[in-house]
Amino acid sequence: MHSEKQLPWEDKIKKELAYLEEISQKRELVTTVFAEKPWLLINGHRMLNLASNNYLGYAGDERLKKAMVNAVHTYGAGATASRLIIGNHPLYDQAEQALVNWKKAEAGLIINSGYNANLGIISTLLSRNDFIYSDKLNHASIVDGALLSRAKHMRYRHNDLDHLEALLKKSSIEARKLIVTDTVFSMDGDFAYLEDLVRLKERYNAILMTDDAHGSGIYGKNGEGYACHLHLQNKIDIQMGTFSKALGSFGAYVVGKKWLIDYLKNRMRGFIYSTALPPAILGAIKTAIDLVQEEPERRALLQTHSEYFRKELTYYGFNICGSQSQIVPIVIGENEKTMKFAKRLQKEGIAAIAVRPPTVPENEARIRFTVTALHNKEDLDWAVKKVSIIGKEMGVIE
């Protein structure tokens with residue numbers, strides 16, 4: 001029996017996989033149980049969950065579950081087509097109206113995922129002769145949206161407004177220009193300088209777009225997001241965010257002027273050619289939007305836990321990248337050392353994720369902790385002590 005001949009492209013891909021393993025960048029899927037809770041199970045081992053984006057604890061909330069079940073009973077289990085065909089059932093109207101009321105916007109649109117939203121919005125609004133100015137630490141979906149648009153894509157140094165302005169000065173005042181930024185940066189946990197970005201967008205006649213995936217539900221009087229927290233919601237042209245983090249559900253949204261939303265409905269390929277979300281998801285979205293406005297105590301508790309965790313890790317000497325939020329990284333450096341650190345944490349009963357390039361810059365691999373409203377101080381104290389012991393043993397801190 002003759003062995004099957006290996007094709008050149010197959011050999012190249014296998015070599016690339018081997019190289020990723022060699023530099024500790026090969027990723028694997030790990031089955032996790034109870035990931036919506038403060039303690040989870042990985043491979044049968046109970047661990048403190050410090051890796052979840054379930055910031056307010058709504059992912060396992062019984063009220064969201066009930067809303068999903070009711071939606072299935074009323075509208076069925078799955079979507080029937082794209083929204084522009086026959087997939088736009090009444091729950092979409094209800095959820096989008098709740099979204100618009102919550103955000104105090106002219107109009108809004110629910111989109112299937114955050115990645116799809118950024119890819120679609122940016123590539124729809126910009127084209128070959130336009131300019132995109134993107135923070136260096138923006139999410140990959142923003143970078144991919146810029147590439148797909150074929151616009152001139154310029155990445156300014158993280159939160160460096162002088163660098164951004166120098167780039168803006170090089171384009172004509174008539175050119176279509178988009179400034180786009182995360183509000184809360186997903187790997188560093190710090191904030192964009194939105195006030196300064198608003199001033200620059202007005203000075204240079206640009207469009208300003210924010211990705212509030214890690215701010216929606218957490219900041220603002222009623223959890224409307226980071227722009228509302230700064231009273232800038234009417235100064236930002238395009239506000240995008242997700243329901244899959246603090247709101248415990250799935251999907252994404254964009255809010256803005258009515259003409260903007262109408263244009264996206266007619267031109268955004270990722271919206272036009274995607275099947276609608278299942279009714280259960282929309283039921284959960286609508287319920288989560290209602291709950292987040294009624295329960296400010298969850299946001300307050302999250303802020304208390306986050307501030308405490310940041311302070312304690314800083315006290316022990318960890319580099320937390322200037323984090324100001326519930327996302328609290330500690331920089332380790334080398335990939336291999338970071339992976340060993342993560343494995344040690346898991347052995348001690350802490351689930352935290354090693355984040356490596358290309359998600360973060362070379363030699364800045366880190367452990368990314370995330371705090372939630374479901375944690376308690378005793379668990380966080382226990383975790384800090386474990387992290388500090390491992391940090392000293394591995395030479396990360398003195």
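Mentor: Just after helix 4, Lys104 takes a positive phi of about 55 degrees; helices here are DSSP runs of H or I with at least four residues, strands are E runs of at least two, and both are numbered from the N terminus. This is a predicted model, in which local features need pLDDT of at least 70 and side-chain atom pairs count only at pLDDT 80 or more, while totals for chains, interfaces and linings use all residues. Residues are numbered from 1 along each chain as its sequence is written, and side-chain values use heavy atoms, with hydrogens and water left out.

Trainee: Why does the length of helix 4 agree with what it should span?
Mentor: Because its 14 residues (90-103), at 1.5 Å a residue, should span 20 Å, and its end C-alpha atoms are 20 Å apart; the expected span is 1.5 Å times one less than the number of residues.

Trainee: And what do its buried residues pack against?
Mentor: They pack against helix 2 (62-75), helix 3 (83-87), strand 4 (107-111), strand 10 (252-256) and helix 12, where contact means heavy atoms within 4.5 Å. Among those buried residues are Leu91, Ala95 and Trp102, buried being under 20% relative accessible area with a 1.4 Å probe, protein chains only.

Trainee: What does Ile285 touch?
Mentor: Not counting residues up to four places away in sequence, Ile285 touches Ala95, Ile110, Phe243, Ser249, Phe250 and Leu277.

Trainee: Switching topic, what is the strand order in the open sheet of four strands?
Mentor: The order is 1-2-3-12, with mixed pairing, and two strands pair if DSSP finds at least two bridges between them. The edge strands are strand 1 (32-33) and strand 12 (350-351).

Methods
Buried means under 20% relative accessible area, exposed over 50%, partly exposed in between (1.4 Å probe, protein chains only).
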